[in-house]
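I opened the model and kept notes as I went. The entries follow the order in which I looked things up.

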Amino acid sequence: MAAPPLLASLLRAADAPAHEAVRLSRAPLIQTIAPAAIGLIGLSSSALAVAAMRGNGGQAGDALTAILESVLTISPITLVLAAWGTPSSTPQQPSAASQRPGPIAPPRVVAAALGLGFLTAGWVTVGLVPLAAFTALVSSRTGWALDAFGLLVAVAALGSVAMVFARILQAIDSGSGTRMAARLFALSLFGVFVVRAQPWITRLSHGVKLW
Amino acid sequence: MVAVPTGPAHQAGPRPQRHEPLSPFVTFDDVTLESLDDAHDQARAPSLWVDLLRDPEAAVARMLDPSALQSAIVGSLLTVAICTGAFAFIVRFDEGALKAASGALWLAGSTLLAVAAALGPIHATSLLVAARVPMARLVAVLLGAVAAGAVVLAPLAPIVRLLHQRDEIWLGPISLVSAFAVSGLVAGTAVNALLHALAVASGPSALSDSDEFRVGILARMAMVFLGFTVALAWGMGAFQ
């Protein structure tokens, strides 16, 4: 039995993100923004749900701001560097008009990769909400476990964005330069997140009481 | 189309040879999956800014085509204005939107004025070294080079803002100056590459040693004049 068209397109985006990114790079820009928006809705709902279980809705704002600022800080320079760099393996002969091979990833493919990364991030974090609810039930004495869970949601979201980005980039160019670029993207993403979320992490560590 | 397999009859053929890892639990209909080779489709012309950054020959081809020259100049001009404006706006956003917007206008305007100011001395140099560049092409080259620098400058803005928020005594100013330095290096490299590519593409034959020498002098003087005026403009825009 085939899935309905909307669900099928979402499943395709999750199952074969590189193919979907290539398709989106040709489609109108709104189709690149749509999966990012859907992912953002999932991400916000799950952050809000986890924070609400703790009884502290403000923390959802902390998490979302840190995630969004990390991605928005790193993605513009990634877009330019991906357009600038030369891939180590070109799948086809360069055309006569330009003897140089194309960029590692054209800007629209990188934008689609980030959009699909957000979609997966929303999907993954929604999947963590039942576990957060279970944690809320079993950790009644102090609330720090749920606070830590909020951090886990943020890290899972950033990890999803970085994983999907790396998967797409390496699928369209399997060279070592591309692999390094994907790792650098992930490292920078988490680096900015740590800098951004430092007050939150410090507050969290003060709340931890192990005995 | 992604479908749930219901039996051995739905087993698809072999999976694509290269490409991304796909879930072994799902059957894929290869017809609906785009070919990953199309990601580097050369048939689609890259944007002007991509050409300026990585392919000076292609950028020069636009400048030599009379019908495309005007759009190359307007495109470079808009790229410079938008990218430098965006840089100033993002870096100064914490001071308030109005102040950030005025900073953006100031930086974009002063960068364009700096290019205009460098135009005359560079043209004069080209006359003196017997390597006159037609004015329209010189305008296109200079704007293109500064546009390449601006394209690298704009995405550095969020990083400068983040570091400025962390430490406005050391990290903020150092990252600001570094961003300008990186952008200046890119613009300098671009002006050199564009002038050489233009000289090669304009003449009927390859450049002689003497031609290379004169184009080299012109490229270095262009870097000096452009560096001087743009550095002044960015200094005023950033530290006004």
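My notes below cover helices, salt bridges and one surface patch.

**Entry 1: what I am looking at.** I noted that this is a predicted model. I began with chain B, which has 8 helices and 2 strands. Reading from the N terminus, I wrote down the order β-β-α-α-α-α-α-α-α-α. I also looked up how much of chain B is covered: of its 240 residues, 44% count as buried.

**Entry 2: helix α2 of chain A.** I went to residues 17-26 of chain A, which form helix α2. The helix is mostly covered, with 8 of its 10 residues buried. Among them are A:Pro17, A:His19, A:Glu20 and A:Leu24.

Entry 3: Side chains of opposite charge can pair when their charged atoms come close. I found that A:Glu20 forms a salt bridge with A:Arg23, with 2.9 Å between the closest N and O atoms. The two are 3 residues apart in helix α2 of chain A, so about one helical turn separates them. I checked the cover of each partner. A:Glu20 has 5% relative accessibility, so it counts as buried, the cut-off being under 20%. A:Arg23, at 24%, is partly exposed.

**Entry 4: salt bridges in chain B.** I counted 7 salt bridges over all chains. One of them joins B:Glu95 to B:Arg92, the closest N and O atoms lying 3.1 Å apart. B:Glu95 is partly exposed at 44%, whereas B:Arg92 is buried at 14%. Another joins B:Asp94 to B:Arg161 at 3.0 Å between the closest N and O atoms. This pair links distant parts of the chain, 67 residues apart: B:Asp94 sits in the loop between α3 and α4 of chain B, and B:Arg161 in helix α6. B:Asp94 is partly exposed at 48%, and B:Arg161 is buried at 19%.

**Entry 5: two helices packed together.** How do α3 and α5 of chain A pack? I read an angle of about 20°, with the axes 7 Å apart. That angle makes α3(A) roughly parallel to α5(A). The crossing of α3(A) and α5(A) is left-handed.

**Entry 6: a surface patch.** Which residues form the nonpolar patch on the surface? I listed A:Leu131, A:Phe134, A:Leu137 and A:Val138, with about 440 Å² of accessible area together. I then looked up A:Leu131, which lies in helix α5 of chain A. A:Leu131 counts as partly exposed, at 43% relative accessibility.

Technical notes. Residues are numbered from 1 along each chain as its sequence is written. Chains are lettered from A and ligands numbered from 1 in the order in which they are written. This is a predicted model: local features need pLDDT of at least 70, side-chain atom pairs count only at pLDDT 80 or more; totals for chains, interfaces and linings use all residues. Side-chain values use heavy atoms; hydrogens and water are left out. Patches are made of residues with over 30% relative accessible area and no salt bridge: like charges are joined within 9 Å, nonpolar side chains (Val, Leu, Ile, Met, Phe, Trp, Tyr) within 5 Å. Accessible areas come from the Shrake-Rupley method with a 1.4 Å probe; for residues, only the protein chains shown count as cover. A salt bridge is a side-chain nitrogen of Lys or Arg within 4 Å of a carboxyl oxygen of Asp or Glu. Helices (H or I, at least four residues) and strands (E, at least two) are DSSP runs, numbered from the N terminus. Buried means under 20% relative accessible area, exposed over 50%, partly exposed in between (1.4 Å probe, protein chains only). Axes are lines fitted to C-alpha atoms, for helices over the stretch in contact, and angles run from 0 to 180 degrees between N-to-C directions. Angles under 35 degrees count as roughly parallel, over 145 as roughly antiparallel, 65 to 115 as roughly perpendicular and the rest as oblique. A crossing is left-handed if the near helix is turned anticlockwise from the far one by less than a right angle, and right-handed if clockwise.
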